[in-house]
Amino acid sequence: MASASSSSLAAGQARGGNPLEEWSGRVKALEAGFRKWMAEQPTHIEAVVTTAVGAVQGAALGGLMGTLTADGGSPFPVPQPPPNANPEAMASFKQAQALAGGPLVQARNFAVMTGANAGISCVMRRIRGGEDIQGSMAAAFGSGALFSIVSGMGTPNPVANAITTGAAFAIFQGGFFMIGQKFSKPQSEDLYYSRARSMLQKLGLEKYEKNFKKGLLTDQTLPLLTDSALRDVKIPPGPRLLILDQIKRDPEFAKAR
């Protein structure tokens, strides 16, 4: 009786799966569908939607930060401007206020900054055909300049301060982009393993892609693979049999032999 109930429980779990994984899969499917729809839209539609989404995200983040730092809760309280303060002192006060204002102020500032960055990045990707440092810096410049204007940091010379703030944003963004490129894997390396990756994904053996790369088992070597070659890169017997059987039955590999 106990074994029967255990079997039915196992069968139910197999049918239902992990609820968290199922929910995650649905979210990923929705994201993939949204990206596909966005890719089919003209540039202006994609830019508007991307800007709106970025602005909403920025507003939520700014509102949260403003809530945490409002009413003296900030470790860096905003000083009050002295009476009859000169323009330079007022400009400094405005800068401090922009970075430590209340929830509505921070929500507005971050909405403008992140929305502008997302929208400009979208347009630059369409124009330049992909992500690059020029597009990233242009988006950062635009978002920094708009942030300066909306937050009131530009007193008494808003235009000059907007250009200066935008340039600072662009320099930082360009630096981060170059660092990210330096530490990211070169895409050209992955091109040599595209068919191997596809085969492993089809078999549910994606985790052994690193073994193929470690042994330099590129796509050109797939028709020549043997059990000993797969054993040398530390792939277990079961996956080795599945891989060799797939290569044997695949028409492309059969022609290559």
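1. Phe172, Phe176, Ile179 and Phe183 form a nonpolar surface patch of about 530 Å². Such a patch joins nonpolar side chains (Val, Leu, Ile, Met, Phe, Trp, Tyr) within 5 Å, from residues with over 30% relative accessible area and no salt bridge, a salt bridge being a side-chain nitrogen of Lys or Arg within 4 Å of a carboxyl oxygen of Asp or Glu. Areas come from the Shrake-Rupley method with a 1.4 Å probe, and for residues only the protein chains shown count as cover.

2. The model is predicted: local features need pLDDT of at least 70, side-chain atom pairs count only at pLDDT 80 or more, and totals for chains, interfaces and linings use all residues. Residues are numbered from 1 along each chain as its sequence is written, and side-chain values use heavy atoms, leaving out hydrogens and water.

3. The protein chain has 13 helices and zero strands. Helices (H or I, at least four residues) and strands (E, at least two) are DSSP runs, numbered from the N terminus.

4. Of the 257 residues in the protein chain, 30% are buried. Buried means under 20% relative accessible area, exposed over 50%, and partly exposed in between (1.4 Å probe, protein chains only). The chain exposes about 16,700 Å², with carbon and sulfur atoms supplying 64% of it.

5. Isoleucine 179 lies in H7 (residues 158–183) and is partly exposed because its relative accessibility is 47%. Alanine 167 is also found in helix H7, and its 30% relative accessibility makes it partly exposed.

6. The largest nonpolar core has 14 residues, of which Met199, Phe212, Leu225, Leu230, Ile235 and Ile243 touch the most other members. Helix H9 (194–203) and helix H12 (237–249) are the elements that give two or more residues to this core; H9 gives the most, with three. A nonpolar core is a set of buried Ala, Val, Leu, Ile, Met, Phe, Trp, Tyr and Cys residues joined through side-chain atoms within 4.5 Å.

7. Leucine 230 touches Phe212, Leu217, Leu225, Ile235, Arg240, Ile243 and Leu244, leaving aside residues up to four places away in sequence. Contact means heavy atoms within 4.5 Å.

8. Serine 151 lies in helix H6 (residues 133–151) and counts as buried because its relative accessibility is 8%. A polar atom of the serine 151 side chain lies 3.4 Å from the backbone oxygen of serine 148.

Conventions. A polar contact is a pair of N or O atoms within 3.5 Å; within protein, one must be able to donate a hydrogen and the other to accept it, and residues adjacent in sequence count only if both atoms are side-chain atoms. Patches are made of residues with over 30% relative accessible area and no salt bridge: like charges are joined within 9 Å, nonpolar side chains (Val, Leu, Ile, Met, Phe, Trp, Tyr) within 5 Å.
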